[in-house]
Amino acid sequence: MDATEGGSQENDFTGDAGAGKMQERLQKRNQARIDDVERRKEAKESLSVAEEQLDYFSSTFKRERVCIEELLSSCSGADRAVVTQRLEEATAQITQLQKFLNDSVLFLTQYELRQAQAALQKLQASLTETRENALPKKKFAFRARSKVADKASVPVSDSPPPDVAPTPAGPHEVDGGAASDLCGFFNMDSEHLTKTSEEIQKRDVLLSHLSNCKVRLLGSPSTLHLKHIDSCEILCGPVATSVFVDHCKNSILSFPCQQLRTHRTTDTQVYLHVTSRAIIEDCHGVSFAPFFWSYPTLEEDYRASGLSQDINNWSQVDDFNWLAAGTPSPNWTLIPEADRKTNWD
Amino acid sequence: MGLLTILTKMKQKERELRLLMLGLDNAGKTTILKKFNGEDVSTISPTLGFNIKTLEHKGFKLNIWDVGGQKSLRSYWRNYFESTDGLVWVVDSADRLRLQDCKDELSALLREERLAGATLLVFANKQDLPGSLSKEAIREALALDELKSHHWCIIGCSAITGENLLAGMDWLLDDIGARIFTAD
């Protein structure tokens with residue numbers, strides 16, 4: 001009995017020891033498991049930090065934005081001193097917000113970054129606007145002494161009329177130079193206008209604010225600028241460098257040039273000789289055909305301009321608002337041969 | 001050894017510079033780039049997108065980025081600002097009508113934080129044209145003398161004849177070099 005008891009005791013003892021060891025092992029494993037879970041949790045947390053910061057970023061950004069907007073809207077009608085103080089505060093806040101955005105660039109996606117930038121720009125714009133409205137700057141400008149500017153019925157436009165009248169912001173000296181070096185026609189309606197070779201040779205020619213006019217430029221200018229043209233027919237000899245067309249509609253243009261840069265133009269036909277490339281930007285309904293026109297000194301003017309008569313890329317037009325390769329831009333077309341003009345009167 | 005020293009050392013080993021060439025459309029950015037690289041400049045068309053050229057000059061490896069200046073492309077300029085060592089601003093000296101535009105775009109650029117450390121070289125281009133403004137007139141029109149935030153220099157040049165292009169680039173490299181490579 002004793003022996004058996006002792007044996008069983010011994011067994012129990014070894015059993016206890018075994019159980020103890022087992023427990024220890026289990027505990028170790030459990031601890032290891034817990035550690036592992038902890039580690040994973042930590043790893044996950046460190047991964048998800050960006051996500052959390054993203055939420056934090058958008059909510060903070062939004063809050064600040066609303067705050068600034070309120071500050072700005074509270075400016076209207078307030079006292080001058082108060083407005084000044086509030087505007088200053090808004091400026092500081094916008095700067096701070098920009099800094100916050102800059103600091104967050106690392107974890108923001110392109111889209112969010114762009115959105116935030118756009119929002120900031122809007123804020124900046126409305127700040128400027130509020131400032132202009134509430135605290136208008138004293139306007140200072142040199143008086144335009146030119147006769148052209150004195151002429152009545154100068155069309156009101158969103159951009160300053162780019163004729164010889166000095167722009168208020170530009171330094172006087174520079175614009176004085178502009179007046180002496182530019183030649184062309186400004187603010188005319190329903191007229192036949194001609195410039196001879198001597199008048200425009202190697203010069204910058206500007207035609208602006210013309211409507212229902214027929215213009216013939218018989219020579220080779222250095223650069224040709226056409227601005228605010230409506231329902232005109234403009235023919236020009238070889239232009240040594242670029243032709244700029246801006247705000248032009250319902251017109252017919254024809255000239256040889258090195259480059260053609262067309263902006264904000266609608267429903268206009270261009271009979272073109274271009275040795276490098278024509279481009280359009282913010283245009284609709286612009287159509288192209290090869291240049292044809294002749295006047296006695298055309299050959300001579302071609303030589304003076306340095307343009308090659310053999311290279312004409314009139315049909316290759318780049319549209320800066322249509323960057324998709326493969327599909328043609330809807331903003332310009334080629335004039336079918338049957339519809340082209342065949343003579344100028 | 002501070003972090004700055006390490007960075008300087010790294011840059012020094014590479015001697016590689018990133019130059020960004022910007023300006024209004026028709027200023028002559030691509031022409032300058034091609035002339036500098038010795039390519040044909042007679043058939044250049046308005047840049048739709050950007051050009052990049054890598055060339056060696058004065059022992060530096062230059063990565064020159066030339067980004068189109070059309071209005072619709074200007075909003076993309078910001079994509080090229082990162083780690084720019086030098087900004088080359090090209091002005092069409094004959095384009096009096098858009099000098100104000102030119103000034104506005106330049107001052108917007110100079111407010112960019114990512115261009116804060118860059119040296120500014122202004123090329124008053126097209127000096128070969130009879131009606132072009134002098135570099136002094138351009139300097140005044142762009143109000144460069146009021147500029148305190150950047151090292152700057154204005155140089156009259158002609159991309160067609162190549163006049164002064166090298167002089168401008170040499171000044172730019174000297175200025176950047178003095179800033180980056182002699183910090184230690």
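**Interface and nonpolar cores of the predicted model**

Chain B and chain A together bury about 2,600 Å², of which 55% lies on carbon and sulfur atoms; buried area is the accessible area (1.4 Å probe) that two parts lose on being put together, summed over both. On the side of chain B, the most area is lost to chain A by Pro46(B), Arg96(B) and Leu97(B), which together account for 24% of what that side buries. The structure is a predicted model, in which local features need pLDDT of at least 70 and side-chain atom pairs count only at pLDDT 80 or more, whereas totals for chains, interfaces and linings use all residues. Residues are numbered from 1 along each chain as its sequence is written, chains are lettered from A in the order in which they are written, and side-chain values use heavy atoms, with hydrogens and water left out.

The contact (heavy atoms within 4.5 Å) involves 35 residues from chain A and 29 residues from chain B. Across this interface 1 salt bridge is found, the criterion being a side-chain nitrogen of Lys or Arg within 4 Å of a carboxyl oxygen of Asp or Glu. It joins the side chains of Asp25(B) and Arg261(A), at 4.0 Å from N to O. In chain B, helix H3 (71-74), helix H4 (99-110) and helix H5 (135-141) are the elements that give two or more residues to the side touching chain A; helices are DSSP runs of H or I with at least four residues, strands are runs of E with at least two, and both are numbered from the N terminus.

The largest nonpolar core comprises 36 residues. Such a core is a set of buried Ala, Val, Leu, Ile, Met, Phe, Trp, Tyr and Cys residues joined through side-chain atoms within 4.5 Å, where buried means under 20% relative accessible area (1.4 Å probe, protein chains only). Among the residues with the most contacts inside this core are Leu207(A), Leu210(A) and Phe255(A). Strand E8 (252-281) of chain A is one of the strands that supply at least two residues, and E8(A) gives the most, with 9 residues. Leu210(A) touches, among others, Phe185(A), Met188(A), Val215(A) and Ile229(A), not counting residues up to four places away in sequence. A second, separate core of 28 residues includes Leu24(B), Leu106(B), Leu109(B) and Ala124(B).

Ser211(A) belongs to strand E3 of chain A and is buried, with a relative accessible area of 18%. Apart from neighbours within four places in sequence, Ser211(A) contacts Met188(A), Asp189(A), Ser190(A), Asp230(A), Ser231(A) and Cys232(A).

Terms used: Buried means under 20% relative accessible area, exposed over 50%, partly exposed in between (1.4 Å probe, protein chains only).
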